[in-house]
Amino acid sequence: MTASTDDAFVVFDRVQKSYDGETLVVKDLNLSIGKGEFLTMLGPSGSGKTTCLMMLAGFETATHGDILLDGQPINNIPPHKRGIGMVFQNYALFPHMTVAENLAFPLEVRNIGKSEREAKVRRALDMVQMGDFGGRRPAQLSGGQQQRIALARALVFEPELVLMDEPLGALDKQLREHMQFEITRLAHNLGITTVYVTHDQTEALTMSDRVAVFDDGRIQQLAPPDELYEQPKNSFVAQFIGENNTLMGTVKEINDGVALVELDDGELIDAKPVNVAEPGERTLVSIRPERVEISKDRLSPDAHLIHAEVLEFIYMGDIYRTRLRVAGNEDFVIKTRNAPDQPRLKPGEKLEIGWLPEDCRALDA
Amino acid sequence: MSTLNSSGPQTADAPTPDDAFHEATGLDARESQPPHGSGDGDGPVLAADGRPLKQSLKRALRAQKLRALMLIAPLLIFVLVTFIAPIADMLFRSVENQIVSDTLPRTTQALAGWDEDSGAMPPDNILAAFTYDMVAAAERKEHTRLGTRLNYEMTGISSLFRKTGRRVDDFGETYLDQFEALDPAWEEAKTWVRLMGDPDWLAANADWAAEADAAGRDFDKPAPPFELKPGIAAALPETADAYAEFARITQVEDEDNPAEEEPWAPVYLALFRDLAKQPAPDFAALAAPDRALLAPAAQAVPDFETVALADLYIKADEDWADPEVWKTIKAFSPDYTSGYFLASVDLQKTVDGVSAQPEDRQIYMLLFKRTLFMSMVIMGSCVLLGYPIAYLLSNLPMRTSNLLLILVLLPFWTSLLVRTSAWKVLLQQQGVINDILVWAHIVADDARLVMINNQFGTIVAMTHILLPFMILPLYSVMKTIPPSYVRAAKSLGATNWTAFWRVYFPQSVPGIGAGCILVFILAIGYYITPELVGGTTGTFISNRIAYHISSSLNWGLAAALGTILLAVVLILYWLYDRLVGIDNVSLG
């Protein structure tokens, strides 16, 4: 799905943004989004993701660099001429208009005839399964219903690009999961390009073709969800996406794509060097809780094992979550499937744990 | 029903301002909660104690309501006593007219049967009644007040009453002289008091007089109120009535003893009229001494020299010959009158009905129209000037907007008088603006603009003064409109103007509504600014009301004008509610 600059639909080319002339909110952003792609901008608040979205929508101007839409620079095109659909965080449904009037608004300002307008509004309402609600006011709808209408309104004028600014933030968990599915389904069925901003990593992982992780005004990693989760490129991404165990250590040697890391308490482990190059470098080793093995069967005979002590055992239904003390780290968590062959560990129990070298990533410290 | 069962007591769910109170009603409500599963049947829902749930709920809420009432009670009482009651009293004055019937009770009664189309003065019996009323009113010094009241309706009555009040106690002197000539006893106060007074009262009065003499100057025990002798009123109705009035006034107003004072001349007039009546009065019921006193008088009366009361009045002031005077008195005899209201709309009340005021006295309709028109103009200019400011304020960062808001509020911190006077300095012909225009050769020195003491000046000064009342509600409403609406509109393809007009403006309408109502209602009753800068063409109806309150003292007319103003505001408010909907008014 990775788009090269040539066939990209949206391109950020060395874009910078500053509000006060002193600090850069967005630093040298380069990003290409392919046609029909669902791209999510993920990051903590203040990371610059919403600013990027607003620049694309035209509500903020880039301090430096170009933004291209379908090959055309759009820096100087006002928002209403960009033809980009947008779903806002609080839906921004016009409270003084009915649902149908809200949907007809973008068509009206485009001077589309009444009958065609009505047909399109009806189709859009049916698309989000809200066909009977045309006469209601937004205030008479529930949050989920408003969300659907906001979506329908952003799509009713058939834009090629839709921007969504944390559209599910105000919904409860169940509804959010349902809407995640629905938005993805719609986006893929209609073949529209979607740029989706969120700070919820689950949302990012489940919905997107690619995720751009933002921090400190830069894209830290741009990758499909599985790659992002399993192969984080740096310690920020590793810690921001999903649950993660970290151990500090020093690289002893690197050979054959496997790094031998000496942890701070002297224990030795195998890790995959990601952005460490030289022996002697400090490193942050990251292991996902579910990739830690407590039985030796699946590990190679010469794998390094490490001592651990059980501190806490939590039964969570589908999984067991066990907190261990490992190499002085008391927040080392492992997750095991709730299965008949899996032991329930007791606090105080001592054991040896290990992992496949490729699951343990030696990152920048 | 099921929600009631599952979510617990309703009363406890209701928001209460106070936790302690919450607990208190919670106890109550727990008792009234229906047992689980019992409420699914038909009929009213019952509480646990078998009473209807509604009733229980009401009882539980009563304490809450009572508490709320007690919290507002001090203010409520204050407002009632110092605001509502005076206003109600003022409004009542717009129809109240008891002064005529109170001051001239006999006349108003007698005039009821008078044919006002006769084209002449009323007959003697009405004039006699008027004489008794007038002499009593003159003694109480109330005739000038009545004259002032009637003068509102017919110019000149005031001086007529004042002049006549000085003379009316001589009316009947002719008869006084003739009765004295007949029997010097008539001159004696004692003769009168024995003839008229109740024997018991006479005794009590004599005791009181003796006590007063003995006590000297510091005596302050009230005299026993005069009472007529039984039967005398039947024999000599007018005389008894006139004498009783005399006795009461002597006692109350003059603090004298009627037993020692010679009656007014009009009492002799009454006596003459009683004795001259056909058929002759019947003295059979009277005691022998009274009969002995009255019989010779009754015999002599037909030979008395008479004098027509009409002539006496015309001699006092020839205006009395004008039947219009009497028509006016008759027209305003009832206790309640629509006269003030008619006058407020340039009409006048006559005995024949309602007619227009003479052209040169028609002023109020013009003033009402002008007040409404100028208030609308002021309201309109406040919207035009205030809307952009409020828009700017609501879109600026908090710090800047707070600073600018202070500038908006600055006029509030300056005295109204100072602000208005400042406009005088700026706008007058030798003022700052004219000087600058002349200096810049925009207007010639001899053609300086007249910008003050006219409508223009009033509109400028009042727009300035009332502008904050428009900006503040607009600002607070605009502040609540999220910027994402306009952004959404633009992202949907609307131009800046369409986004503003179709999306932003409709949401700011409640602020416009609130501002307009505030400004309009304030403007329509504004007084001080039009007074200072309005000249003759820029004054409002309120200035006229103030004039009647403080200068002409015609409170009834002022009250009627005020009532009409209030009614106009309420009607406009109602119209606004119908057209725009009062729900669409928001102060933020």
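**Exercise 1.** Which residues in α24(B) meet which residues in α26(B)?

*Solution.* The structure is a predicted model, in which local features need pLDDT of at least 70, side-chain atom pairs count only at pLDDT 80 or more, and totals for chains, interfaces and linings use all residues. Residues are numbered from 1 along each chain as its sequence is written, while chains are lettered from A and ligands numbered from 1 in the order in which they are written.

Step 1. Helices are DSSP runs (H or I, at least four residues), as are strands (E, at least two), numbered from the N terminus. Contact requires C-beta atoms, placed from the backbone, within 7 Å.

Step 2. From α24(B) come B:Met462, B:Leu466, B:Phe469, B:Met470, B:Pro473, B:Leu474, B:Val477 and B:Met478. They meet B:Ser508, B:Pro510, B:Gly511, B:Ile512, B:Ala514, B:Gly515, B:Leu518, B:Val519, B:Leu522 and B:Ala523 in α26(B).

Step 3. By class, this contact has 15 nonpolar, 3 polar and no charged residues. Here Ala, Val, Leu, Ile, Met, Phe, Trp, Tyr, Cys and Pro count as nonpolar, Asp, Glu, Lys and Arg as charged, and the others, Gly among them, as polar.

**Exercise 2.** Describe the packing of α24(B) and α26(B).

*Solution.* Step 1. Axes are lines fitted to C-alpha atoms, for helices over the stretch in contact, with angles from 0 to 180 degrees between N-to-C directions. For α24(B), residues 455-479, and α26(B), the angle is about 155° and the axes lie 8 Å apart.

Step 2. The two helices are therefore roughly antiparallel, a term for angles over 145 degrees.

Step 3. The crossing of α24(B) past α26(B) is right-handed, meaning that the near helix is turned clockwise from the far one by less than a right angle.

**Exercise 3.** Which helix of chain B gives the most to the side that touches chain A?

*Solution.* Step 1. In this interface, 15 residues of chain B are in contact with 18 residues of chain A.

Step 2. At least two residues each are supplied by α25 (483-491) and α26 (496-524) of chain B. The most come from α25(B), with 6 residues.

Step 3. The chain B side comprises 7 nonpolar, 6 polar and 2 charged residues.

**Exercise 4.** In what order do the 5 strands of the chain A barrel close?

*Solution.* Step 1. The order is β11-β12-β13-β19-β14, with mixed pairing; strands pair if DSSP finds at least two bridges between them.

Step 2. From one strand to the next, the twist averages 55°.

Step 3. Strands β11 (residues 245-255) and β14 (residues 282-287) of chain A pair in the antiparallel sense over 6 bridges. A:Thr250 has A:Arg282 in β14(A) as its bridge partner.

Technical notes:
Two residues are in contact if their C-beta atoms, placed from the backbone, lie within 7 Å. Angles under 35 degrees count as roughly parallel, over 145 as roughly antiparallel, 65 to 115 as roughly perpendicular and the rest as oblique.
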